[in-house]
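Hi,

Here is the structure I promised to pass along. My notes on what turned up follow just below it.

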Amino acid sequence: MLPDYSWLAWSVIFFSTYLTGVSKGGFAGGFGTLSVPLMALAIGPIEAAGLLLPLLLVMDAFTVKAWWGHHDMAEVRRLVPGMAIGVVIGTLTIGSLNEDGVRLLLGLMSLVFALYMLVRPAVSRPISSAWALPSGIGCGFTSFLAHAWAPPLNLYLIPRRLSKEAFIATIAIAFAVVNLMKLGPYLWLGEINFTSAWASLVLVPVAWFGVRSGIWLQHRVSEVLFYRLVILAMAVVGVQLIAKALG
């Protein structure tokens, strides 16, 4: 049985799912960080994360297939241990946060992400591979809470100066790995249940269409304009979530 959401909530969920697919298909997850904060304006943030994870796994399959062969597997291997640690930390701490606490954290993460996007051009120098461990931990933790892996992962990978194709493909595989790590804990914590699974199943065509759209758009849309929209959207949603949590 599908969740009894309002038409407005379903509209937000459909839009967020499509946006995540577009982002994963062609823009290395740039808009994906927005999905849970946006859904959290319509439904509970923990519920939103549980609904989205099965869809992310479906999107991962499409995206990894599309970009396979362009990835840097050495970078993926460096990130995996940290991501596993981050997922464990998220599993142990999620129960101590109520929904307003999660909304507040998501809002702050959204604002931090917007700030990160503004200063990103200033952090383009090469960095040591030793930063893969803390980056992976941050990625695993923020991804577990809200599928918001982009800031810690990009802070490491962007200065590594991979080619555009290698960057997108490496992120696609890394995110697929961390999502698989999260599946067991999400089931154990009850964040994925029979009702949310039905909703996820209904949204699979939207996810597929989003990924295909992202692959098509990747060569046709200015990345500068795309990320300016990311900054604006994350800042607006972040402020709204913080206001809702504190209100």
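Let me start with one side chain: Trp 198 is partly exposed, with a relative accessible area of 39% (buried means under 20%, exposed over 50%, and partly exposed in between, with a 1.4 Å probe and protein chains only). Please keep in mind that this is a predicted model, where local features need pLDDT of at least 70, side-chain atom pairs count only at pLDDT 80 or more, and totals for chains, interfaces and linings use all residues. Residues are numbered from 1 along each chain as its sequence is written, and side-chain values use heavy atoms, leaving out hydrogens and water.

Trp 198 sits in helix H9 (helices are DSSP runs of H or I with at least four residues, strands runs of E with at least two, numbered from the N terminus). The protein chain has ten helices and zero strands, and 52% of its 247 residues count as buried.

Helix H4 may interest you too. H4 covers residues 73–93 and reaches 30 Å from its first C-alpha to its last, close to the 30 Å expected (1.5 Å times one less than its number of residues). H4 bends by about 30° at Val 80, with Pro 81 following within four residues; the bend is the angle between axes fitted to the seven residues ending there and the seven starting there. Among the buried residues of H4 are Leu 79, Gly 82, Met 83 and Gly 86. An α-helix has 3.6 residues a turn, so residues three or four places apart point the same way.

Happy to talk it over.

Best wishes
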